[in-house]
Amino acid sequence: MDSLWFELAVSTIKALVVLLMVLQLAGMLGWVERKGSALIQDRIGANRASIFGFAGAGLINTMMADPLKFLTKEDLIPEGVDHLLHTLAPAVHLFPALVTFAVIPFGDVLVIGDHTINLQVAPLNVGILFILAMVSLGVYGVVLGGWASNNRWSLLGGIRGSAQMISYELAMGLALVAMIMTYGTLDLQAMVRGQGGHFLGFIPAWGIWYQPLAFIIFLCAGIAESKRVPFDLPESESELVSGFFTEYSGTKHLMFFMTDFVEVILVAGLVTTLFFGGWQVPFLARDGFHFPGGAELLLPNVVVAVLQIVSFSVKVLFFCWLQIMIRWTLPRFRYDQLMRLGWIGLLPLGFLNAIVTAVVILAWGQH
Amino acid sequence: MGFVLFFLLGGLMVASALGVVLTSHPVRSTLCLVVTLFLLAVFFIFLDADFVAALQVVVYAGAIMVVFLFVIMLLNLQVDPHERTPPSWRFFTLGGASVFVLAVLYLLRAAGTLLPGPGMQSAAPAGFGSIEAVGLRLYTQYLLQFEITGLLMLAGVIGAVVLAKRRVG
C-alpha cells in the first residue's frame with residue numbers, strides 16, 4: 001500500500017512538473033519570438049511591457065504582462081455563434097498538444113532509496129502511436145473554432161487548417177515508421193536508450209545519422225502541424241484576419257495563442273527525442289562519464305540525472321530557437337505549393353525512406 | 001476504483017452515444033460520435049489492449065474528421081425544424097431497435113459465463129495487448145485475413161482515385 005501511494009505521488013509530481021515547465025516555456029517563447037523577430041527585422045522590439053517603470057527585464061515583464069492583459073480583457077462572443085462549441089474549441093485545441101508531453105522522456109532514471117523512478121510521465125508501450133493519436137485529435141480544435149465562430153474568415157481558416165493537418169499527418173507518420181523500424185520499439189524511452197552508443201568511439205550514435213531524411217520530413221511536417229510560417233495559411237493575417245481564431249478574445253484567445261508555442265516545444269521535444277539522443281549526454285553512462293581512451297569520471301545518480309535533464313532542455317531550447325528563426329526567415333507558401341509539398345514532395349519521400357529502411361534492416365540485420 | 005470508473009465512463013459513453021442519434025444538430029451529433037469512440041479507446045486501455053486503444057483513436061478520429069468536414073461544408077447548416085421522416089419509418093426503427101436489444105440480451109445470457117465475475121482472473125498475462133503480441137498474431141496466425149483486408153483497402157484507395165479523377169459534366 002505504501003509503495004502504491006509513493007507511485008501515485010511520484011506520477012503526480014512528474015506530470016505537474018512537466019506541465020508547468022511546458023507552460024512556462026510557452027510563455028517565455030512569446031517574448032523570445034517578439035525579440036527574435038525584432039532582431040531579424042533590425043528594429044527594437046518587445047520593450048513596451050514596463051511594470052513599475054521597469055522595462056529592462058523584458059522577459060520577466062512580458063511573461064507577467066501577457067497573461068494579465070489577456071485575462072482582464074472582455075470575452076467577446078459574437079452574435080449567432082454556437083455557444084457551446086465556441087467555448088469548447090480553445091480547450092480542444094490546447095489539450096492534445098499538452099497531453100503528448102506525457103510520453104516524451106526527459107531523463108533516464110532517478111534512484112531514491114530503493115525506488116527507481118523512470119523520468120518519463122507515461123511509459124507507454126505504444127508511445128509513438130499515442131503521439132499520432134493526439135496529433136490527429138489536434139485538428140478538431142481548429143475546425144470547431146473555425147466553424148463555431150459564424151464567420152467566413154474563420155470557416156475558411158478552419159477548413160484550410162484541417163486539410164493541411166490531415167495532409168502532413170501522413171508524412172509525419174511515415175517518418176515515424178522509419179524510426180520505429182530503426183529502433184525496433186515504439187517506446188520513446190527505449191528509443192533514447194538505443195541512441196546511447198558511439199560511432200568510432202567518439203561520435204554520438206544519434207538517430208539523425210541513421211535517418212537524416214526522416215529528420216527533414218519530420219521537421220517539415222511538424223512545423224506544418226503547428227501551423228506556423230511558412231505553413232500558416234489557416235491563420236494568414238493578411239488574408240483571413242486571424243483565421244480560425246478571428247472571433248476569439250481574452251482568455252480563449254490566449255489559449256489558441258499558447259497552443260502555438262506549446263506545439264513549437266512539442267516539435268522540438270520530439271525532434272530531440274527521436275533524432276538527437278533525447279537526454280543522452282556524450283560519453284555519459286548511468287554511472288558517470290566514460291571517455292574514449294579509458295579515462296573515467298564516476299558520478300552519483302542524482303548528478304547524472306540532472307545532467308541528462310539539462311542536456312534534454314538545452315536541445316529542446318535549441319530547436320525552439322531554430323523554429324522561431326525559420327518562422328521569421330521564410331515567406332508564406334501559396335496554397336497549391338503547400339499541398340504539392342505535402343503530397344508530391346514529403347509523402348513519396350516518406351514512403352521511399354520507409355522502404356529503404358526496411359530493405360536495409362532486412363539485408364544487414366537489426367541495428 | 002476500477003468499478004467506479006467503469007460505470008462513470010460507461011454512463012458518459014452511453015450518454016454521448018444517445019447524443020449521436022438524439023440531437024438534431026449535425027455538427028454536435030458528429031462530435032458526440034467522436035466522444036463515444038474516444039471513450040471506447042479508454043475502455044480498451046482498461047482491458048490492457050493499449051495497441052487497440054491507440055489505433056481506435058488514430059483511425060476513428062482521423063476518419064471521422066473527414067465526415068465532420070463533409071457535414072460542415074456540404075450539408076445545410078440550419079437545424080431542420082420540420083420532421084420529414086414518414087410515420088411508417090418510426091415503426092421500422094422501433095421494431096429494429098427492439099429486435100437488436102433482444103438479440104443482445106440473448107447473447108449476454110449465452111455468454112454469461114464469459115463475463116467478469118468473482119471467480120475470474122482479473123490480470124491479463126504479461127505482454128497481453130502489446131504491439132508485439134498483436135503483431136506476431138497478425139503476421140503468423142491471421143496472415144491470410146490480414147492480406148485479404150489489405151487487398152480490400154487497396155481496392156478502396158483505387159476506387160477513391162477513380163471517382164476523384166472522373167470529370168464532372
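Helices here are DSSP runs of H or I with at least four residues, numbered from the N terminus. With that in hand, welcome to a predicted model, in which A:Asn150 sits in the loop between α4 and α5 of chain A.

**Loops with positive phi**

- A:Asn150, in the loop that joins α4 to α5 of chain A, is not a glycine and yet has a positive phi, near 60°.

- Helix α10 of chain A covers residues 250–275, and its 26 residues should span 38 Å at 1.5 Å a residue; the end C-alpha atoms are 38 Å apart, so expectation and model agree.
- Most of α10(A) is covered, with 22 of its 26 residues buried.
- After α10(A) comes A:Gly277, which has a positive phi near 75°.
- Helix α3 of chain A (residues 83–99) packs with α10(A) at an angle of about 20°, and the two axes are 9 Å apart.
- That angle is why α3(A) is described as roughly parallel to α10(A), the limit for this class being under 35 degrees.
- The crossing in which α3(A) passes α10(A) is left-handed.
- On the α3(A) side, the contact is made by A:Pro90, A:Ala91, A:His93, A:Leu94, A:Ala97 and A:Leu98.
- Facing them in α10(A) are A:Lys252, A:Met255, A:Phe256, A:Met258, A:Thr259, A:Val262, A:Glu263 and A:Leu266.
- Sorted by class, this contact of α3(A) with α10(A) holds ten nonpolar, two polar and two charged residues.

**Helices α5 and α12 of chain A**

- Helix α5 (residues 152–183) and helix α12 (residues 335–364), both of chain A, have axes that come within 9 Å and cross at roughly 15°.
- α5(A) and α12(A) are therefore roughly parallel to each other.
- Here too the handedness can be stated: α5(A) passes α12(A) in a left-handed crossing.
- The contact of α5(A) with α12(A) has 17 nonpolar and seven polar residues, and no charged ones.

**Helix α6 of chain B**

- Helix α6 of chain B runs over residues 143–165, and its 23 residues should span 33 Å at 1.5 Å a residue; the end C-alpha atoms lie 33 Å apart, so the two values agree.
- α6(B) is hardly covered, since the count of buried residues among its 23 residues is zero.

**Where chain A meets chain B**

- The contact brings together 16 residues of chain A and 15 residues of chain B.
- On the chain A side, α4 (127–148) and α5 each supply at least two of the touching residues.
- α4(A) gives the most to this side of chain A, with nine residues.
- The side of chain A that touches chain B consists of 13 nonpolar and three polar residues, with no charged ones.

Conventions. Residues are numbered from 1 along each chain as its sequence is written. Chains are lettered from A and ligands numbered from 1 in the order in which they are written. This is a predicted model: local features need pLDDT of at least 70, side-chain atom pairs count only at pLDDT 80 or more; totals for chains, interfaces and linings use all residues. Axes are lines fitted to C-alpha atoms, for helices over the stretch in contact, and angles run from 0 to 180 degrees between N-to-C directions. Angles under 35 degrees count as roughly parallel, over 145 as roughly antiparallel, 65 to 115 as roughly perpendicular and the rest as oblique. A crossing is left-handed if the near helix is turned anticlockwise from the far one by less than a right angle, and right-handed if clockwise. Ala, Val, Leu, Ile, Met, Phe, Trp, Tyr, Cys and Pro count as nonpolar, Asp, Glu, Lys and Arg as charged, and the others, Gly among them, as polar. The expected span of a helix is 1.5 Å times one less than its number of residues. A residue is buried if 20 or more other C-beta atoms lie within 10 Å of its own, exposed if 12 or fewer, and partly exposed in between; C-beta atoms are placed from the backbone. Two residues are in contact if their C-beta atoms, placed from the backbone, lie within 7 Å.
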